[in-house]
Every structure is written in structure tokens, then in C-alpha cells.
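I opened a notebook for this structure and wrote down what I looked up, entry by entry. The ligand comes before the rest.

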Amino acid sequence: MSTERVVDARGSFCPGPLMELIANMKMMAVGDTLELLSTDAGSAADVPEWVKKVGHEMVGTEQDAEGTWHIHVRKAK
Amino acid sequence: MRILVVGGGMGGTIFANNLARRIHQEMKAGKARITMLSASDQHVYQPGWLYVAMGRATPDELVREQASLLEPGIEFHVDPVEEFHLAENHVKTKSGKVHEYDVMVISTGSRPTPENIPGLKENSVNCYTAENAVQFFHQLADFKGGRIVVAVGLPHKCPMIPLEVTFAMHDFIKDKGLLDKTEFYYTYPIGRVHSLENVAKWAAPEFDRMGIKYETLFNMKEVDGKNAAVLSEEGGTVKYDLLVAVPPHKGQEVIEKNKLGENGWIPTNRNSLHMEGEYGKNVLVLGDTTNIPISKAGSTTHFEAEVAAENIAAVIKIGRPVREYDGKVFCFIEAGKDRATYAMFNYTTPPQPKAPTGAVHAFKMAYNQLYWASARGLL
Ligand SMILES: Cc1cc2nc3c(=O)[nH]c(=O)nc-3n(C[C@H](O)[C@H](O)[C@H](O)COP(=O)(O)OP(=O)(O)OC[C@H]3O[C@@H](n4cnc5c(N)ncnc54)[C@H](O)[C@@H]3O)c2cc1C
């Protein structure tokens, strides 16, 4: 059964949301999904770019009323 | 109150000394007691290993007896914790002793795990242990020219090392007169040369000026030692003559074994520094071993330790904590040729690094000695 993990990278300038995501993806099994919380507008662009390049899967991206990005990614390989 | 400190490195030591100063009256009166358990009788200034790798220091210069750094009254045992019994408020050590606590502070640090990337351990050098730093220096000193590749694993300790080690090697090779025979190739996991955007904006033109090539979005997948090549998750292949790694890290095995956190990272509240979950009320976590999404650095650890000490002292004296950790980090960045700059930031304010100067480098060199005063809780 796949499980969802939440990575709260709000307020993280270093290592930052994308590096937090990459490190967490390594701990996941194929098929698992992850929700990344980010306050960095750049994440909405650089996360999909990396996910596509490596061959994982973007599930969806939305921004809430407080401005936090919720980015859902599935580990595909 | 019985305060138990697990770990005699940066976080544990700064915390215990700072707290002991604040509550020495209560300790004298027998109302409070600080006990520290560590895995070693030595205290190592790890940032010095970068200088060891460049032949500018030897490992013995970076070590002090842990007992000599502690405030009087702190009970110290070299007896690593093997079992955490959080529901019973006690730990069990290697020697079989049981230590009970009212408050426990965990600062057991992190460890490089190059073995987690196939081929990396056997085919690369790094400056993440004293032994490896010495080996790194030997390889660099014997280097006759070719391609030096820097490759970065995640997560890692000290976010400035990828840049610093590159600038430092550039100096080393230049001084040896081998610059025209050497190509530097820097790789980095995300789409710029450093996680901090403003640092990346400064470093990329520095690389261009020095002729250092770089490839971004490069996460090591494996190292093919036979063909001297690093393969990336993104599908890239980079050939090397000398491979310099910033290895991926994990927290300590004892943390994983006791199921305190996946890969040894303990889920920790980013403001109160309490361990998350049922037993977190009287457990605080400092330094590398937290899962807080900020730099695994000595400065992070230092600022966290100060907040924790002030709060525990306040709990003893007035019944409640007084401060929250705001995510403060201060990192020097050695920029080569005896110049340095720094990055200071917190959860809400990004850094604005300035152009490197000789004065900041001189301050970093002084800090390398001042560290011992800092560990004693004096700075
Ligand atoms: C090459 C290098 C360069 C660096 N440069 C910088 C820099 O320029 N600036 C900066 O801010 N930071 C730098 N750092 C990072 C900094 O050294 C660490 O972030 C810092 O030491 C973390 O402190 P800590 O207390 O979490 O862990 P540590 O200082 O690693 O201490 C961990 C302690 O826990 C003990 N321990 C382990 N297991 C047990 C157990 N089971 N029971 C009890 N005790 C245990 C160990 O013996 C040790 O005493 C650098 C690190 C390296 C390797």
C-alpha cells in the first residue's frame, strides 16, 4: 500500500525545499507520494523541472490562502 | 531537576555549559543536576577537517579532552546510550547503566554515509572524518593534473563545503603550478550552484572567472570506478581523475534502532526544539540530528543550544520557557586566496552575502581558535 509523507520545508532557505524533497524521495518506495510544503515561489517551478528530468511524477500543485505551496509528487522509479 | 545530555559534541557541550552557568546556584543547592553521556572522551572541531585536507592543519590540532571543556559540576561519562526508554524517562548505556531524567537533550550529530551511493566510498575522497581528510590531502598532494570533479550527496552536513572545498582546491592547484593541467568540474543537486539563491548568484560568476565548469541538477546515482565516471539520477555521466565527494549523511544508528526517527533524524518542533510526539514534552533535540529543514551546521547547533539552555533555566527558575528558536544560521564561506564572506539567515529572512574580504577570512581563522571558548559557553 502506498503512503503519503509530508515534508514541511516552509521557511527553509538552506537546504531549501527542492533539496529536502530530493533527500526524502530517497527514503520512499516506488509508488509512494509526498506532499511538499514550501513558502518559496521558486518551488512551483523548480520541483516540476527536477521531477520531470528524473522521471518521477507530478501529482498536483496548489497554493493555499496563506501563500504556502502544496506540491504533490509520486516516486515512479 | 535531573537534566541528561546525550552527546558531547557541539550542541551537547554548548548547551550543558551555558545551562550550568545559569543554574549554578541550583546545582550547588542540589536542586538541579546535569549529566552528560558521550561516545568519546575527545571533542573534535570538525570544521578544521577542511584545512587538514588542504595540508594546512593536522588532525591532532583539532581535538581537546571533552572533560576539560565542561563547567565544574557537570557529571561526564564516556558511555554511549544504546537504548532510549522514553515512556519511563530513562536511557540505558553500553555499560548497562540506567540514567533517569526529568529533561533530556539529544545532540548525537550525524555521520557521512558514502556507502549509500554504489561505488562512492571506494572511489572518492572527502573531508568528513579525520582519516578521510588526511587521505584527501595525500591524493591532492600526489595529483599531477587532470579533471577534479566535486559531487554532492543529500542530505549533507555544512552547506558551504561544496563551494569551500572547490575554492580551496583551486588555490592548492594554482600554488602547485598545475592550473593549466587541471580542469575543475563542480556539480550540484539543484538548478543553481548553491541552495541559497544569493550565494549562488555570487558563486557562479566567481566560478566563471576562475574557469571552474559546473553542471547543476546533478544527483549522484552511482560511481563507476572502472571507467572513472559518476552517473547521475538525471541521466548525466561525468568522467573524473579525482572525485571529491560531499557524501550523503544520516543521523546516528542508535536513533534509528530506537525508532526515534527515520534515517536517524528526529522529528523536532522548529521553534520549541522539543521532540515531536507523545514523549516530546521533556525531550529536546539539537543540531544535526533534528529533522528541521535548515542547514546542518555548527552555528545552527550553537544558536539552538543557547535557546534550549535559556529555556530550561527559565523553566527551573520561573516555571516556563522564555524563547523560541527563529531558525538563525550563520555560516562563514571561505572563498579562496585568503578571502571569505558569510551568510546569515533565519526562517523568514534570506541572506545577503557581501563580496569576500581578507578581514572576514582573518575572523574565520580566529574563530577556529575561539571555538574552544565558544564550546565552554563563553562566546
Ligand atoms: C568538514 C566539516 C566542516 C564544517 N564546517 C562548518 C562551518 O564552517 N560552520 C559550521 O557552522 N558548521 C560546520 N560544520 C558542521 C558542524 O561541525 C556540525 O554541524 C556540528 O558539529 C553538529 O553538532 P552536533 O552537536 O549536532 O553533533 P556533533 O558535534 O557531531 O556531536 C555529536 C556527539 O554525540 C556523541 N554521540 C554519538 N553517539 C552517541 C551515543 N549513542 N550516546 C551518546 N553520545 C553519542 C558523539 O561522540 C559526539 O560527541 C562542519 C562539519 C564538517 C564535517
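**Entry: ligand contacts**

I began with B:Gln46, where an N or O atom of the side chain is 2.9 Å from an oxygen atom of the ligand. I count a polar contact as a pair of N or O atoms within 3.5 Å; within protein, one must be able to donate a hydrogen and the other to accept it, and residues adjacent in sequence count only if both atoms are side-chain atoms. I then found a nitrogen atom of the ligand 3.0 Å from a polar backbone atom of B:Val81. At B:Ser107, a polar side-chain atom lies 2.8 Å from an oxygen atom of the ligand. The ligand has 1,000 Å² of accessible area on its own, and the protein covers 91% of that. Accessible areas come from the Shrake-Rupley method with a 1.4 Å probe; for residues, only the protein chains shown count as cover.

**Entry: ground rules**

I note that this is a predicted model, in which local features need pLDDT of at least 70 and side-chain atom pairs count only at pLDDT 80 or more, while totals for chains, interfaces and linings use all residues. Residues are numbered from 1 along each chain as its sequence is written, chains are lettered from A and ligands numbered from 1 in the order in which they are written, and side-chain values use heavy atoms, with hydrogens and water left out.

**Entry: the shell around the ligand**

How many residues surround the ligand? I got 32, and the closest are B:Gly11, B:Ser107, B:Asp288, B:Gly298 and B:Ser299. A residue is near a molecule if one of its heavy atoms lies within 4 Å of it. By class, I listed 14 nonpolar, 14 polar and four charged residues in this shell. Here Ala, Val, Leu, Ile, Met, Phe, Trp, Tyr, Cys and Pro count as nonpolar, Asp, Glu, Lys and Arg as charged, and the others, Gly among them, as polar.

Which element gives the most to the shell? It is H10(B), with three residues. Helices (H or I, at least four residues) and strands (E, at least two) are DSSP runs, numbered from the N terminus. I also looked up domains, whose bounds come from an automatic or database domain assignment. Domain 1 (2–109 + 252–328) and domain 2 (114–248) of chain B each give at least three residues to the shell.

**Entry: B:Thr129**

I placed B:Thr129 in the loop between helix H5 (120–123) and helix H6 (130–142) of chain B. B:Thr129 and B:Gln46 are 83 residues apart in sequence, and their C-alpha atoms are 7.8 Å apart in space. B:Thr129 counts as partly exposed because its relative accessibility is 24%; buried means under 20% relative accessible area, exposed over 50%, and partly exposed in between (1.4 Å probe, protein chains only).

**Entry: salt bridges**

Side chains of opposite charge can pair when their charged atoms come close. A salt bridge is a side-chain nitrogen of Lys or Arg within 4 Å of a carboxyl oxygen of Asp or Glu.

In chain A, A:Asp8 and A:Arg10 form a salt bridge, with the closest N and O atoms 2.8 Å apart. A:Asp8 is partly exposed at 27%, and A:Arg10 is partly exposed at 34%. A network of salt bridges links A:Asp8, A:Arg10 and B:Arg270.

B:Asp175 pairs with B:Lys337 in a salt bridge, the closest N and O atoms being 3.2 Å apart. B:Asp175 lies in helix H7 (residues 161–175) and B:Lys337 in the loop between strand S20 (329–336) and strand S21 (339–345) of chain B, so the pair ties together parts that are 162 residues apart in sequence. B:Asp175 is exposed at 59%, whereas B:Lys337 is partly exposed at 43%.

B:Glu310 forms a salt bridge with B:Arg323, where the closest N and O atoms are 2.6 Å apart. I found B:Glu310 in helix H10 and B:Arg323 in the loop between H10 and S20 of chain B, so this pair ties together parts 13 residues apart in sequence.

**Entry: backbone**

Most residues other than glycine have a negative phi, and most peptide bonds are trans. A cis peptide bond joins A:Cys14 and A:Pro15, with omega about 15°. Another cis peptide bond joins B:Leu154 and B:Pro155, with omega about -15°. B:Asp338, in the loop between S20 and S21 of chain B, has a positive phi near 55°.
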